[in-house]
Amino acid sequence: MNEFHHLLIMEALGGNSVWIDRFLARFSAFFYYFVTVAMYMLSPRMAYHFSECVERHAYSTYDKFLKLNGEELKKLPAPEVAVNYYMNEDLYMFDEFQTSRAPNSRRPKVDNLYDVFVNVRDDEAEHCKTMKACQTHETLRSPHSVQSSTEADSK
C-alpha cells in the first residue's frame, strides 16, 4: 500500500507522462516480483535480504536527491495525493508497515515537496527495518497486534 502511494506521488509529479517510463516501471515491477517469488521459494531469508538491499538503495537514492535539490524542493508545493496519504486518509495501513514503531507514533509533516521526499525516504528506511525483521524467525509482528501500555493497564 505504501509503495502504491509512492507510485501515485511520482505520477502526480509527471512520472507517468512518457509511455516508455510507464512501460519500464511496469516491466521492472513485474520482473522484480517474479525474481523475488523465485528467491522466496529457494530461501525466504534470501528474498527478504534482497528486498532489504533494494530498500536500502532506495533510501540512499532519495537521501542523495534531497541533499542535491533540497532548497529547490522546499519552494514547491506538495502534491495533493501526498498530503492525502500522509495526513488525511485512513492511516491504519500506513502504521502497519512501521514495524519498529507504535501505531500513531509517526505523523510526518507535508508542507512542501521537500517534506514529501523526506517522508518517502523515511518510508524506505522503515521498509529496511521490516525486511530485516522478516529475516529472523518470529520477530515480525503487526504494530496493531501489540497493546500499548495504557491499553494493558486499563484491562
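Visitor: How many helices and how many strands does the secondary structure of the protein chain come to?

Guide: This is a predicted model. Its protein chain has seven helices and zero strands. Read from the N terminus on, the order of elements is α-α-α-α-α-α-α.

Visitor: What share of the residues in the protein chain is buried?

Guide: A residue counts as buried when its relative accessible area is under 20%. In this protein chain of 155 residues, 32% are buried. The accessible surface comes to about 10,100 Å², and carbon and sulfur atoms account for 60% of that surface.

Visitor: Among contacts with a separation of 6 or more, what percentage comes from residues 24 or more positions apart?

Guide: Such residues account for 71% of those contacts in the protein chain. One pair shows how sequence and space can be read together. H6 and V116 are 110 residues apart in sequence, while their C-alpha atoms are 9.6 Å apart in space.

Visitor: Where does H6 lie, and is H6 buried or exposed?

Guide: H6 belongs to helix α1, which covers residues 2–15. The cut-off for burial is 20% relative accessible area; H6 counts as buried because its relative accessibility is 4%. Leaving out residues up to four places away in sequence, H6 touches Y86, V120, D123, E124 and H127.

Visitor: How are two packed helices described?

Guide: The description uses the angle between the two axes and the distance between those axes. For α1 and α4, the packing angle is about 155° and the axes are 8 Å apart. Angles over 145 degrees count as roughly antiparallel, so α1 and α4 are roughly antiparallel to each other.

Visitor: Which residues of α1 and α4 meet?

Guide: From α1, the residues are N2, H5, H6, L8, I9 and A12; from α4, they are V81, A82, Y85 and Y86. Sorted by class, this contact has seven nonpolar, three polar and no charged residues.

Visitor: At what angle do the axes of α4 and α6 cross?

Guide: Helix α4 spans residues 80–88 and helix α6 spans residues 113–134. Their axes come within 11 Å and cross at roughly 55°. That angle falls between the limits of 35 and 65 degrees, and α4 and α6 are therefore oblique to each other. The crossing is left-handed.

Visitor: Which residues make the contact of α4 with α6?

Guide: A82, Y85 and Y86 take part from α4, and V116, N119, V120 and D123 take part from α6. By class, there are five nonpolar, one polar and one charged residues in this contact.

Visitor: In which helix does T36 lie, and why does T36 count as buried?

Guide: T36 is part of helix α2, residues 19–42. Its relative accessibility is 17%, and T36 therefore counts as buried. With residues up to four places away in sequence set aside, T36 touches A47, F50 and S51.

Terms used
Residues are numbered from 1 along each chain as its sequence is written. This is a predicted model: local features need pLDDT of at least 70, side-chain atom pairs count only at pLDDT 80 or more; totals for chains, interfaces and linings use all residues. Side-chain values use heavy atoms; hydrogens and water are left out. Helices (H or I, at least four residues) and strands (E, at least two) are DSSP runs, numbered from the N terminus. Buried means under 20% relative accessible area, exposed over 50%, partly exposed in between (1.4 Å probe, protein chains only). Contact means heavy atoms within 4.5 Å. Accessible areas come from the Shrake-Rupley method with a 1.4 Å probe; for residues, only the protein chains shown count as cover. Axes are lines fitted to C-alpha atoms, for helices over the stretch in contact, and angles run from 0 to 180 degrees between N-to-C directions. Angles under 35 degrees count as roughly parallel, over 145 as roughly antiparallel, 65 to 115 as roughly perpendicular and the rest as oblique. A crossing is left-handed if the near helix is turned anticlockwise from the far one by less than a right angle, and right-handed if clockwise. Ala, Val, Leu, Ile, Met, Phe, Trp, Tyr, Cys and Pro count as nonpolar, Asp, Glu, Lys and Arg as charged, and the others, Gly among them, as polar.
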